[in-house]
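Please go through the model below with this report at hand. The text covers the fold, the charged pairs, the aromatic rings and a surface patch.

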Amino acid sequence: MLSQSILSSVRVLRTEARRSIGIMAPALNKVSDPIQQLFLDKVRDYKKKSSGGKLVDATPEIERELKNELERVAKQYGGDGKVDMTKFPEFKFPEVKIDPITQTL
């Protein structure tokens, strides 16, 4: 009984170790494919450019178009310029007054 339990545990550990190595092996290797290296370079370049939350390589025309679209959406969904449309709305539910029921026997 004890040997069956130990044997079963060894099988599970061997399977888990094989899976872990299979997942980590590509991450541990250096990039040998030039296309893969170009992709990684572009991703790192994009990360550098995108700091600050603004559009990357946006022309004034694209920024103007974005502003127009944001204004259109704000008008469509009830934003009048005074409401912050990026903030989640607060709901207020008034307390309902309920008349008590009187029972007479």
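Is Arg72 buried or exposed, or does Arg72 count as partly exposed? At 44% relative accessibility, Arg72 counts as partly exposed. Here buried means under 20% relative accessible area, exposed means over 50%, and partly exposed lies in between (1.4 Å probe, protein chains only).

This is a predicted model, where local features need pLDDT of at least 70 and side-chain atom pairs count only at pLDDT 80 or more, while totals for chains, interfaces and linings use all residues. Residues are numbered from 1 along each chain as its sequence is written, and side-chain values use heavy atoms, with hydrogens and water left out.

## Fold and surface

The chain has three helices and zero strands. From the N terminus on, the order of elements is α-α-α. Helices (H or I, at least four residues) and strands (E, at least two) are DSSP runs, numbered from the N terminus.

Of the 105 residues of the chain, 2% count as buried. The accessible surface comes to about 11,100 Å². Carbon and sulfur atoms hold 60% of that surface. Accessible areas come from the Shrake-Rupley method with a 1.4 Å probe; for residues, only the protein chains shown count as cover.

## Helix α2

Helix α2 covers residues 34-49, which makes 16 residues. Its first and last C-alpha atoms are 22 Å apart, close to the 22 Å expected at 1.5 Å a residue. The expected span of a helix is 1.5 Å times one less than its number of residues. How many of the 16 residues of α2 are buried? The number is zero, so α2 lies largely in the open.

## Helix α3

Helix α3 takes in residues 60-76. At 1.5 Å a residue, its 17 residues should span 24 Å, and the end C-alpha atoms are 24 Å apart, which agrees. Just after α3, Gly78 takes a positive phi of about 90 degrees.

## Salt bridges

Side chains of opposite charge can pair when their charged atoms come close. The structure holds four salt bridges. A salt bridge is a side-chain nitrogen of Lys or Arg within 4 Å of a carboxyl oxygen of Asp or Glu.

| Pair | Distance, N to O |
|---|---|
| Asp41 and Arg44 | 3.9 Å |
| Lys49 and Asp45 | 3.7 Å |
| Arg72 and Glu69 | 2.9 Å |

Take helix α2 to begin with. Asp41 and Arg44 are three residues apart in α2, about one helical turn. Asp41 is partly exposed, at 38% relative accessibility. Lys49 and Asp45 also both lie in α2, four residues apart, about one turn of the helix. Lys49 counts as partly exposed at 42%, and Asp45 counts as partly exposed at 32%.

Now helix α3. Arg72 and Glu69 are three residues apart there, separated by about one helical turn. Glu69 is partly exposed, at 38% relative accessibility.

## Aromatic rings

The structure holds two aromatic pairs. Rings of Phe, Tyr and Trp (its six-membered ring) pair if their centres lie within 6.5 Å; planes under 30 degrees apart count as stacked, over 60 as edge-to-face and the rest as tilted.

Why is the pair of Phe88 and Phe91 edge-to-face? The ring centres of Phe88 and Phe91 are 6.3 Å apart and their planes stand at 80 degrees, so the pair is edge-to-face. Phe91 and Phe93 form a stacked pair, at 6.4 Å centre to centre and 25 degrees between the planes. Together, Phe88, Phe91 and Phe93 form one aromatic cluster.

What about accessibility? Phe88 is exposed at 67%. Phe91 is exposed at 58%. Phe93 counts as exposed at 72%.

## A nonpolar patch

Leu55, Ile62, Leu66 and Leu70 make a nonpolar surface patch of about 370 Å². Patches are made of residues with over 30% relative accessible area and no salt bridge: like charges are joined within 9 Å, nonpolar side chains (Val, Leu, Ile, Met, Phe, Trp, Tyr) within 5 Å. Leu66 sits in helix α3. Leu66 is partly exposed, with a relative accessible area of 40%.
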